[in-house]
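The tour below moves from one selection to the next and says what is found at each stop.

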Amino acid sequence: MIEKMQFVSIMGLETDFERVVNTYLTKYEIHLENALTELKNVTDLKPYASTNPYKQVFNRASQLIRLVDCSNETYDESISSDKAIQIINDLNDEFEQLKEDTSELEKERNRLKTSLATIEPFRSLDFDVSQILHFKAVKFRFGRISKEYIEKFDKYIYDTLNTVFYRCHSDDSYVWGVCFVPAADADEIDTIYKSMHFERIYLPDEYEGTAEEAAQKLETQIIELNAKIAKATNIRMEKIEGRKSQLYSAYKKLSILSHNYDIRKMAALTESHTTYYILCGWMTKEDATKFKQELDNDEDVYCFGEDEHPEIFSKPPTKLRNWKIFKPFELFVRMYGLPAYTEFDPTAFVALTYAFIFGWMFGDVGQGLLLVILGFSLYHFKKMDLGAIIGYAGIFSTFFGFMFGSVFGFEDVIDAVWIHPVSAMSNVPFIGKLNTVFIVAIGFGMGLVLLTMLFNIINNIRNKDTIMTIFDTNGIAGFVFYGSAVLVIGLLMAGKTIPATAILIIMFVIPLILIALKEPIEHKLSKHKEEEAGGIGMTLAQCFFELFEVLLSYFSNTLSFIRIGAFAVSHASMMEVVLMLAGAENGATPNWIVIILGNLFVCGLEGLVVGIQVLRLEYYELFSRFYKGNGREFKPYCSLEAEEK
């Protein structure tokens, strides 16, 4: 069901705004509307624009709280705003100082890592690097050449040059090394090396000893820096850990203060000599009554409640309130769209019909119990609404399993309370023999269609839409026509042709005429001149084709419910195939591995397909007749503390 709403306006002195928000609005759920929009017919109002003084310090608190686990901490509600700000600022100052110290160490570590990466490919060079870097008569070049060019270099050029290329390291793409050339030939040989795409690497004048010794020294320095960084980080974390109880309380206090302060965005201020604030929004009638009673003792706050008023510009939001057993099925309702405030809430209807139809299409005691266990386990441990839906569907699958006498596909373990879907047949007038499950499924579908038409009539009455109530295909005219069709079919199947003919003549014609003349009547009642696009002939042709479409939709929608019987039969047939593959026919000893795997396969695959097909029936054959789902969700602008509760 949908909670009844009341529009409330709250007014008081601007200087008292924060007290009212923190004292009252944290206790009650209120869906705030923009006061300037709601009061646009009122003059001398301005927006309540001000900078949130808690936002910056709250952002600092948010960064600090992410560093520690506060899941077991409790909120000290007695902490003052000044104390909370002081705690966060002190912790942040300490944290930033330690972070700055750590940052310098990290910069030095990164520099050493870069230096190590530079010398790393030359570790096999068994010569003092610092001496090489100070050669005078011989020039040196550290670098690398791609393997593609080193082969050409060795084959065609190397033996003709006055140079030595000492190879140090190689991988799949490059060869690293040092080239030595006489100082007199350096420019010429450098040009040749460049033509071979030699990539020069510049070593800083800081290495001592061989490349291996220099690399080891760098690694040692990096390890020492890592230890210093880890120590500084531990000190930083210990300081926060030691005060995380205070940090959590300060964070919670600031989160509430910051959030509540932002309510000013929704308020308006008067421009009179004494400045007042005005807040507007929707509350449930129950909360609104309690709220106004509490404010009766506060002389500084005024609250006005209105159920209906022509100057209320916003539509009431939708807040669903269903029994716990139906609540998981709100998932399907929300997927389609929340009901508008004046609409019928279909949650209970979906819960009953979805689980019932699923069980009918998937009737098996054993597989139904598996769905019950799986579904409610997911709901209990993972809090998944879909898990509860699977569990409820499994209950009805178990029920229909007894009705059909099926246990894991075996139909000789228990007697069928009703029928076996595959073999049960009935005689239908003018048609002959037809599967009983199909006949019952169509009859059941007709009943659901009539029920949803009643829902549509109720919705239209609530919306005071007379035209749709009477003349719509799912209104009174459609209900009478379709109900008469159902009655005629029932009388014909009972062999009573004369009463059926009388109903056919009287009850079919009048509703169809009303449906066909819906638009002209609507124009007449609304005093709008009907547009004539092609004269009376075109109007009649349009009415004819619209009636044809209506009749076709009634027929196709009714036949859609055959899928209920079809899946009931196909489920039994699929399990017969599984039993046949397992060799369980004619009383033989079955292959239990095939039985288990076959049941799991059918339970998973067909269960998924049936679940989708039932949802399709709900949305396309039922919801489309009475439900629009264009409501907006009730979103209370309460404190974060209240939201968590």
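**Aromatic rings and helix packing**

The count of aromatic pairs comes to 47, where rings of Phe, Tyr and Trp (its six-membered ring) pair if their centres lie within 6.5 Å, and planes under 30 degrees apart count as stacked, over 60 as edge-to-face and the rest as tilted. This is a predicted model, in which local features need pLDDT of at least 70 and side-chain atom pairs count only at pLDDT 80 or more, while totals for chains, interfaces and linings use all residues. Residues are numbered from 1 along each chain as its sequence is written, and side-chain values use heavy atoms, with hydrogens and water left out.

Select F344 and F626 to begin: their ring centres are 6.1 Å apart and their planes stand at 65 degrees, so the pair is edge-to-face. The two partners are 282 residues apart, with F344 in the loop between α11 (330-336) and α12 (347-361) and F626 in helix α22 (residues 592-626); helices here are DSSP runs (H or I, at least four residues), numbered from the N terminus. F626 has 3% relative accessibility and counts as buried (under 20% relative accessible area, with exposed over 50% and partly exposed in between, for a 1.4 Å probe and protein chains only).

Now show α12 and α22 whole. They pack at an angle of about 140 degrees with their axes 10 Å apart, the axes being lines fitted to C-alpha atoms over the stretch in contact and the angles running from 0 to 180 degrees between N-to-C directions. The two helices are therefore oblique to each other, since angles under 35 degrees count as roughly parallel, over 145 as roughly antiparallel, 65 to 115 as roughly perpendicular and the rest as oblique. On the α12 side the contacts (heavy atoms within 4.5 Å) include F349, Y354 and M361, and on the α22 side they include E606, L615 and F626.

Finish with two arginines: the charged end of R144 sits over the ring of Y174, 3.8 Å from its centre, and R264 lies over the face of Y261, at 3.6 Å from the ring centre. A charge sits over a ring if NZ of Lys or CZ of Arg is within 6 Å of the ring centre and within 35 degrees of the ring normal.
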